[in-house]
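This report describes one protein chain, going from the whole to its parts. Please look at the sequence and the structure before reading on.

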Amino acid sequence: MGRQWGSTMRAIEQAGCVVSASRAGQPEAGPWSCSGVILSRSPGLVLCHGGIFAPFLRAGSEVLTAAGAVFLPGDSCSDDLRLHVQWAPTTAGPVGGVERGSPGPCTSQCAGLEPGPPASSRRRLQQPPLPAELLLLLSCPAFWAHFARLFGDETAEQWRFASVAPDDEVSEDEEEDQLRALGWFALLGVRLGQEEAEEERGQAVAVAPLGAVPKGAPLLVCGCPFGAFCPDIFLNTLSRGVLSNVAGPLLLTDARCLPGTEGGGVFTARPAGTLVALVAAPLCWKSREWVGLTLLCAAAPLLRAVRAALGRLFPSTAALAALLPPEVGVPWGLPLRDPGPPWAAAAVLVECDTVWGSGVAVAPRLVVTCRHVSPREAARVLVRSTPPKSVAIWGHVVFATQETCPYDIAVVSLEEDLEDVPIPVPAEHFHEGEAVSVVGFGIFGQACGPSVTSGILSAVVQVDGTPVMLQTTCAVHGGSSGGPLFSSHSGNLLGIIASNTRDNSTGATYPHLNFSIPITVLQPALQHYSQTHDLGGLRELDRATEPVRVVWRLQRPLAQAPRSKL
């Protein structure tokens, strides 16, 4: 991470804060808190998530879903609302020192933790909480439109966006409030004393235009897990991932975020430390299973909505709007769009009757997928390439391994060439611990193209010195089967995704433990078929040895091995 982000990490941490809401007469660190992004330190201006304001709305949370509701003025909340913002100072004090106004643990919760001797090098310095006021609540209409398209159909009941696990006790009213406020954010004014105003100077955050960051681009999320629980420890915690998918201003990342990071900033490495989005929902669940992706709202359209709302609420002054950060390249016209890694466009969507999955082109007219996606030889298959030049080409299955074969593979011959689809270079060697990426149509299918998730090659399983299975920590979901596994560094094709993991005892699925077929197992037979149309090499896959079968059954090589629980 250091080589890619370098000193940018310091600037990112300087843009983060935690926001807490309470009722008059109650402790400052109330039960409602979230993360935020500092738009300006002096005067103080913060953008955070709007979910913490739902309990304070005079008209109830129903107003958030009212027709035409785009923004609400600050007085939409009750008079007993009290807000506080806490952020790190712009200049670090002595290592291990204590900042002015912070003589000990920052909250009563921290005081009760009883940790061991502190590691002074990890001491997080912050200013005492500062009072703030709500200027306005706002949403991004385009975010809601894409959210409804992706999650609003008959499968919507499978999805859950909440700050707790599905089995945790949450009232229906609380869950409904969270869903209504999902795409709402809040602009806060922070009240600084004269001394704080003179001290608070920091570099203004830059904002990436919508669409400037490609899928697969590295991202860094800065938030405060568990909100105001213990900012001494959690303030401006960083999480790394990539931009997994895009649907207008609705973005997804595989960076792992926790409750309390709602409203936290999401930044890109190029240009350094540029704000891309804010966290809308850190935990996404589908069919009671954690998806491993975080839902984001793009920052650029959100800030445009802020400007529009300020113009209507405060038409007599342009001072507040002037404090909002500009988009990178605007108005100077600087180039920003990154084409992204070429392998991100290598996955194709494979449809066979009512079944669909992913695949990868290994030749202009040859696609590899999984047998359980296209199980029958001679079956008609429709292959769709990825946007922006999305085309559909018919083909047929020329080979599919037998159901008893450990290698879940099917090969599709196309009637036309796949144009503008990169043909990846097959890897010859594998290195445990190397950065890898999975590209596949899991989660959304064709709705917004393939998703990209990142991780490492966690294991290379060998039989007699030959790799027969790859394991990764990338998030893999249903629909990703048959998709490509790439080396993030070289872009070489490492393998074909076969499955993630399901615990047969509990039914739980683990997206971050998954298995791929090494491309070295398939490449000689694929190359032979491409040159001769002879299926002999591919049919040898059905003759895999018993030790290989044992590996793919996830069993120990014993005569009476117990049935694997996975």
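## Overall make-up

The model is predicted. Its secondary structure comes to twelve helices and 28 strands. The protein has 566 residues, of which 54% count as buried. Its accessible surface comes to about 24,800 Å², and carbon and sulfur atoms hold 53% of that area.

Contacts can also be sorted by how far apart the partners lie in sequence. Among contacts with a separation of 6 or more, 68% are between residues 24 or more positions apart.

## The barrel that includes β9

One barrel is made of six strands, closed in the order β9-β10-β11-β16-β13-β12, with antiparallel pairing. From one strand to the next, the twist averages 45 degrees. Leu-220 stands opposite Phe-267 of β12.

Helix α4, residues 141–151, lies across β10, β11, β13 and β16, and runs at about 65 degrees to β11. Helix α8, residues 299–313, packs on the sheet and touches β13 and β16; its direction makes about 50 degrees with that of β16.

## The barrel that includes β23

Another closed barrel of six strands runs β23-β24-β25-β28-β27-β26, and its pairing is antiparallel. The twist here averages 40 degrees from one strand to the next. Strand β25 covers residues 466–472 and strand β28 covers residues 509–518; the two pair in the antiparallel sense over three bridges.

His-533 is found in the loop between α10 and α11. Is His-533 buried or exposed? With a relative accessibility of 60%, His-533 counts as exposed, because the cut-off for exposed is over 50%.

## A buried strand

How many residues of strand β8 are buried? Seven of the seven residues, 184–190, are buried, so β8 is largely enclosed by the rest of the structure. In a regular strand, side chains alternate between the two faces of the sheet. In β8, Trp-184, Ala-186, Leu-188 and Val-190 point one way, while Phe-185, Leu-187 and Gly-189 point the other way; all are buried.

Strand β8 pairs with β3, residues 44–49, in the antiparallel sense over six bridges. Gly-44 stands opposite Val-190 in that pairing. Strand β8 also pairs with β6, residues 130–139, again in the antiparallel sense, over seven bridges. There, Leu-136 stands opposite Leu-187 of β8.

## Backbone exceptions

Most residues other than glycine have a negative phi, and most peptide bonds are trans. Where is the peptide bond that is cis? The bond from Ser-42 to Pro-43 is cis, with omega near 0 degrees. Pro-43 is found in the loop between β2 and β3.

Positive phi values occur at Phe-226, where phi is near 70 degrees, and at His-533, where phi is near 60 degrees. Phe-226 is found in the loop between β9 and α7.

## Loop residues at the surface and inside

Phe-226, Phe-229 and Leu-258 make a nonpolar surface patch of about 250 Å². Phe-226 has a relative accessible area of 41% and is partly exposed. Leu-258 is found in the loop between β11 and β12. Its relative accessibility is 39%, so Leu-258 also counts as partly exposed.

Ser-385 is likewise in a loop, the one between β20 and β21. Is Ser-385 buried or exposed? Its relative accessible area is 4%, so Ser-385 is buried; the cut-off for buried is under 20%. Which residues touch Ser-385, leaving aside neighbours within four places in sequence? Ser-385 is in contact with Val-348, Ser-390, Val-391, Leu-418 and Val-421.

How values were computed: Residues are numbered from 1 along each chain as its sequence is written. This is a predicted model: local features need pLDDT of at least 70, side-chain atom pairs count only at pLDDT 80 or more; totals for chains, interfaces and linings use all residues. Side-chain values use heavy atoms; hydrogens and water are left out. Two strands pair if DSSP finds at least two bridges between them. Helices (H or I, at least four residues) and strands (E, at least two) are DSSP runs, numbered from the N terminus. Axes are lines fitted to C-alpha atoms, for helices over the stretch in contact, and angles run from 0 to 180 degrees between N-to-C directions. Patches are made of residues with over 30% relative accessible area and no salt bridge: like charges are joined within 9 Å, nonpolar side chains (Val, Leu, Ile, Met, Phe, Trp, Tyr) within 5 Å. Accessible areas come from the Shrake-Rupley method with a 1.4 Å probe; for residues, only the protein chains shown count as cover. A salt bridge is a side-chain nitrogen of Lys or Arg within 4 Å of a carboxyl oxygen of Asp or Glu. Buried means under 20% relative accessible area, exposed over 50%, partly exposed in between (1.4 Å probe, protein chains only). Contact means heavy atoms within 4.5 Å.
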